[in-house]
Amino acid sequence: MPQITTDAVDELDDRALTALDRCDSCGAQAYVRVTLASGELLFCAHHGTKFKDKLAGTALGWHDESDRLQDAR
Ligand SMILES: [Zn+2]
């Protein structure tokens with residue numbers, strides 16, 4: 001009987017944002033990943049904050065690494 005693993009899903013939820021992830025609004029490096037029923041959106045720290053009020057009600061998940069931005073400076 002085949003082993004069905006949920007690792008892929010867990011990995012998706014936990015995976016860190018990288019320099020290759022870009023804000024959907026301005027193209028800057030993304031530090032916020034919003035999971036919606038329809039898919040994912042990536043935002044930079046600026047747009048993550050900007051859209052938070054708008055999307056917080058419908059977002060299934062909110063992955064915010066903007067703290068990392070502070071650490072880097
Ligand atoms: Zn942006």
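His47 counts as buried, because its relative accessibility of 11% falls under the 20% limit. In this predicted model, His47 is also a donor to the zinc ion, through its ND1 atom.

**Zinc site**

- The zinc ion has four protein donors: the SG atoms of Cys23, Cys26 and Cys44, and ND1 of His47.
- These donors lie 1.9 to 2.4 Å from the zinc ion.
- The site is tetrahedral, with angles of 105 to 115° among the four donor atoms. For four tetrahedral donors, the ideal angle at a metal is 109.5 degrees.
- Along the sequence, the donor residues follow the spacing C-x2-C-x17-C-x2-H.

**Exposure of the donors**

- Cys44 has a relative accessibility of 7% and therefore counts as buried, the limit being under 20%.
- The structure contains zero disulfides. A disulfide is a covalent bond between the sulfur atoms of two cysteines.

**Nonpolar core**

- The largest nonpolar core is made up of eight residues: Cys23, Val32, Val34, Leu36, Phe43, Cys44, Phe51 and Leu55.
- Two elements, β1 (32-36) and α2 (45-55), each supply at least two residues of this core.
- β1 gives the largest share, with three residues.
- Two zinc donors, Cys23 and Cys44, are also listed among the core residues.
- Leu36, a member of the core, is in contact with Leu41, Thr58, Ala59 and Leu60 when its neighbours within four places in sequence are left aside.

**Overall fold and surface**

- The protein has three helices and three strands, arranged along the sequence in the pattern α-β-β-α-β-α.
- Of its 73 residues, 27% count as buried.
- Among contacts between residues at least 6 apart in sequence, 35% join residues at least 24 apart.
- The accessible surface comes to about 5400 Å², and carbon and sulfur atoms account for 53% of that area.

Terms used
Residues numbered from 1 in each chain as written. Predicted model: local features only at pLDDT ≥ 70, side-chain atom pairs only at ≥ 80, totals over all residues. Heavy atoms only, no water. Core = buried A, V, L, I, M, F, W, Y, C linked by side-chain atoms within 4.5 Å. Buried < 20%, exposed > 50% of the residue type's maximum accessible area, 1.4 Å probe, protein only. Helix = DSSP H or I, 4+ residues; strand = E, 2+ residues; numbered from the N terminus. Contact = heavy atoms within 4.5 Å. Donors = N, O, S within 2.8 Å, 3.2 Å for Na, K, Ca; no water. Tetrahedral: all angles 85-135°; square planar, octahedral: opposite > 155°, others 65-115°. Disulfide = S-S within 2.5 Å. Areas by Shrake-Rupley, 256 points an atom, 1.4 Å probe, with all protein chains shown as cover.
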